Amino acid sequence: MRRTLRGRLPAWAAAGATLAALAGTIAAPPAAAHDDDLGPAIEAIMHKPGYEHAQWGVLETDPETGQVFHSRFANQFFVPGSTAKLVTISGAWHTLGPDHRFTTPVMATGTRTGSTLDGNLALVAQGDLTMGGRTRPDGTVDYTPIDHTSANDLPGATLTPENPLAGLDMIAHQVRDAGLTRVNGDVVVDPRLFTPPDLDPQPTPLIINDNVIDLLTTPTAPGRTAQLMWRPQVAPYQVTSTVQTVAAGGPTNIQVSASPDGTQISLSGTIAADAQPVLRISNVKDPNAFGRTALIEALARAGVSVSADPTGPNPDGKLPASYDGDPQVAAYVSPPYSQYAKLILKVSHNLGANLALCNMAVTRGSKDCFDGFGVEHDFLVDVAHVDPTQFQLADGRGGVFQDRATPIGLDQLLGYWLHTPDADAFRHALPILGVDGSLAISCTTDCPAKGKVFAKPGTIVGADDLNQRIAYNAENLAGYLETDDGCLHLFFVGVNGASATDINDVIRIFDDVNQIAALLQEQASGGHRAPAGGNAS
């Protein structure tokens, strides 16, 4: 169960008692514009059908002068969705450092005689998000506009071309290069870095392919079984498919089911002959057992045999209390954390955002990922000088009902980055309108703002069972507008409480928020501005 607030209140109360003393160091809220004239084009979007009961929020400021160009409900809480990742990843980026690399070692425990180890190999998991599974030849981390981790929720998800087992293959070759060809013993994943928290998705110390199996279905001829490609192929996982190809224009509807342990996966349904390949995923239920088997298989490919059965539970009871005196025979070194932050922000990588809490907790010697919030709180107060009460957060991704953020709080955080050496790197780690990440699908043609809006979207949708439609809890966008003359403005645009009837309405609302951001960028470049003054509202 998730850790409750009980027992933590005294510590937080003590921290709260210091807020008055810190008030002078926290950035003041921006002043509001007297006449918040958004213009007819933006107002028309805000009054389209589906927004009758919704609340819009807008904030746009000049970070150099503090001038407020637009302000609507800027000091009120909004359901943030994935704009909460701006807070989480800002904290992790500062705490770990943009150049931090995760080093995942393999230790040899036992006695070595020549090329034979009488003992065990222990892969000591270090909270590496990708373990080489997305790393390009140039060392950067690959991503697509709609990530494979969203394949069961969003249409158009695709795979990156890299081998998801690349890190384990590199480790296996290092073991062989160290002179080992035989392990008379076992391979064990050491998962003791932190305790997997009660978060969805749940971060684990060892993550291979985001802890999912990719299932790609490609149509063949009508009446024939569709083609299936799945990865990574690791024992004892097996996949079968009865998906049938139907006539062009027919229904594409693919369902995935799995055995309780996740190892037997089945696909069923139909795919139209003229459809693009459809990606689905199935969760790896035991990441430690999966990683252990995957490493044993990688070792075999590299010419290293292991006497233990390659499948079955991870035998963590064989782990030593410490590795004092045990030699390291391999290690995988990750890309720098700035690359992981870019992946998380560009595609709204939920697992990576929740993992960031664990990464921060570990820096304080804690195995409790919820202690990452203390690190994040201190970053906001002591480093970014942002009022932490502008946020309510209970996860790293922005996906639980408690999460809230004000436009002012996001404005303060975005403004902090502009005064750091990583200002440009952080801004370019955000999705860019019409160019990449989760904003690549909007503002693609005849759009002057293309490439000039750097921002994190946040979406929360659910089911309105009463009215048999979609409850659109939140669609938000927060980041930077770059004017045509190269100036940067901070902005937030969001709507809570919209309604939608189907996926097309969901896409429309997403596009509406992006279109408002594009119009604000055009206004900023054209000089159409309201006068500043007053208080934020």
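I counted the cavities of 30 Å³ or more in this predicted model, and the count comes to 2.

I took the largest cavity to begin with, and noted that about 120 Å³ of space lies in it. Its lining, as I listed it, consists of Leu129, Thr130, Gly133, Arg134, Asp147, His148, Thr160, Pro164, Asn209, Asp210 and Arg231. When I sorted the lining of the largest cavity by residue class, I found 2 nonpolar, 5 polar and 4 charged residues.

I then turned to the second largest cavity, for which I noted a volume of about 40 Å³. Phe102, Gly127, Leu129, Tyr337, Tyr340, Ile344, Gly352, Leu355 and Asn359 line this second space, and the elements that give two or more residues to that lining are helix H7 (337-347) and helix H8 (350-363). Sorted by class, the lining of the second largest cavity holds 6 nonpolar and 3 polar residues but no charged ones.

Last, I looked up helix H10. Is this helix enclosed by the rest of the structure, or exposed, and why? I found that 11 of the 11 residues of helix H10 (residues 407-417) are buried, with under 20% relative accessible area as the cut-off, so the helix is largely enclosed by the rest of the structure. The buried residues of H10 include Asp411 and Gln412, as well as Pro407, Ile408, Leu410, Leu413, Leu414, Tyr416 and Trp417, and the glycines Gly409 and Gly415 are buried too.

Key:
Residues are numbered from 1 along each chain as its sequence is written. This is a predicted model: local features need pLDDT of at least 70, side-chain atom pairs count only at pLDDT 80 or more; totals for chains, interfaces and linings use all residues. Side-chain values use heavy atoms; hydrogens and water are left out. On a 1 Å grid over the protein atoms alone, a cavity is a set of points where a 1.4 Å probe fits but cannot get out, and a pocket is an open set with protein on both sides within 12 Å along at least five of seven lines; lining residues have an atom within 4 Å of a point. Grid points are joined across faces, edges and corners, and a volume is the space filled by probe spheres set on the points. Ala, Val, Leu, Ile, Met, Phe, Trp, Tyr, Cys and Pro count as nonpolar, Asp, Glu, Lys and Arg as charged, and the others, Gly among them, as polar. Helices (H or I, at least four residues) and strands (E, at least two) are DSSP runs, numbered from the N terminus. Buried means under 20% relative accessible area, exposed over 50%, partly exposed in between (1.4 Å probe, protein chains only).
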